[in-house]
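Have a look at the model first.

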Amino acid sequence: MPQLNMVQAINLALKEEMMRDPDVVILGEDVGKNGGVFRVTEGLWEQFGSERVIDTPLAESGILGISIGMAAYGLKPVAEIQFVGFTYPALDQIFSHASRIRSRSRGRYTCPLVIRTPYGGGIKAPELHEESPEALFCHMPGIKVVVPSTPYHAKGLLVSSIRDPDPVLFLEATRLYRLIKEEVPEGDYTFPLGKARIVREGKNITLVAWGSMLHKVLQAVEGYDDVEVIDLMTLHPFDEETLFKSARKTGRVIIVHEAPKTCGFGAELSATLAEEAMLYLKAPILRVTGYDVVMPLPKLEDFYLPTVQRIRKAMEDIIKY
């Protein structure tokens with residue numbers, strides 16, 4: 001079984017889905033001859049041609065507007081936006097049209113569109129290249145938000161996203177693109193959207209994370225016994241059952257994300273837990289997050305992102321409570 005990084009795993013998922021289904025097409029800036037800004041689509045233009053791997057002008061709103069039209073008429077477009085900060089000029093297309101087609105047409109039309117885009121910090125890139133706005137998209141009904149944390153899960157989740165009848169925002173942690181390798185099987189496998197996975201079982205604390213923060217959490221819990229770690233994988237809709245079950249077992253929950261704290265997705269998880277599992281909690285739910293500022297320039301980036309030390313401090317605080 002090949003050892004692949006996340007770029008290679010996503011490339012394999014795209015290649016196999018394009019071979020399986022002739023309706024799957026890719027479009028975006030430099031996705032063709034250049035193979036994408038991070039080389040995720042490398043080799044696909046040569047194999048499938050310019051009618052299925054389409055280089056577009058530098059116009060995110062146009063890329064997604066065209067993709068929505070393609071999807072409404074039966075194709076399965078996978079649109080690449082080079083960085084998630086560049087989706088902002090296209091929010092009108094995503095929120096006003098892609099998310100509403102099923103509702104607007106009373107179910108006569110759906111929008112099987114996948115928007116693939118790198119997100120998050122850790123690579124010391126300039127402004128708009130390291131945003132973490134997942135909560136913004138989770139707030140909009142009609143859009144699924146998926147965040148893989150490993151190459152193996154990235155492949156299975158992307159295949160599920162392409163086969164989903166409704167729009168999916170597929171967020172790829174830039175920092176993870178080439179950070180880790182693991183065995184990724186060739187051939188068909190999927191992971192259901194809306195399901196989390198328990199990465200490590202424990203009885204004393206539940207730590208919840210997604211994307212690159214999962215790996216930061218796994219570093220933080222080294223040497224600690226009985227700490228449960230959940231990889232949320234799909235943020236919208238998120239797996240309430242797994243979250244509640246873990247919170248009832250441990251009674252202590254810490255949520256870790258790199259987005260700003262205010263109105264971050266951790267706030268939604270905290271509120272839901274407070275509504276459904278309050279009587280099982282032994283301490284207040286804690287959040288370890290980025291700060292309520294624009295992602296700083298490279299010199300200060302390491303001070304912005306949650307660290308192993310901040311996560312361990314939260315673990316000590318919640319145990320002492």
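Buried means under 20% relative accessible area, exposed over 50%, and partly exposed in between (1.4 Å probe, protein chains only). By that rule, 58% of the 321 residues in the chain are buried. Please keep in mind that this is a predicted model, where local features need pLDDT of at least 70, side-chain atom pairs count only at pLDDT 80 or more, and totals for chains, interfaces and linings use all residues. Residues are numbered from 1 along each chain as its sequence is written, and side-chain values use heavy atoms, with hydrogens and water left out.

Helix H8 (residues 212-220) is largely enclosed by the rest of the structure, because seven of its nine residues are buried. Helices here are DSSP runs of H or I with at least four residues, and strands are E runs of at least two, numbered from the N terminus.

Now for the rings. The whole structure holds 10 aromatic pairs. Rings of Phe, Tyr and Trp (its six-membered ring) pair if their centres lie within 6.5 Å; planes under 30 degrees apart count as stacked, over 60 as edge-to-face and the rest as tilted. Two of the pairs are these:

| Pair | Centre to centre | Angle between planes | Type |
|---|---|---|---|
| Phenylalanine 38 and tyrosine 177 | 4.9 Å | 45° | tilted |
| Tyrosine 189 and phenylalanine 191 | 5.9 Å | 80° | edge-to-face |

Phenylalanine 38 sits in the loop between strand E2 (24-28) and helix H2 (44-48), and tyrosine 177 in the loop between strand E7 (168-173) and strand E8 (182-183), so their pair ties together parts 139 residues apart in sequence. Phenylalanine 38 is buried at 18% relative accessible area, and tyrosine 177 is buried at 2%.
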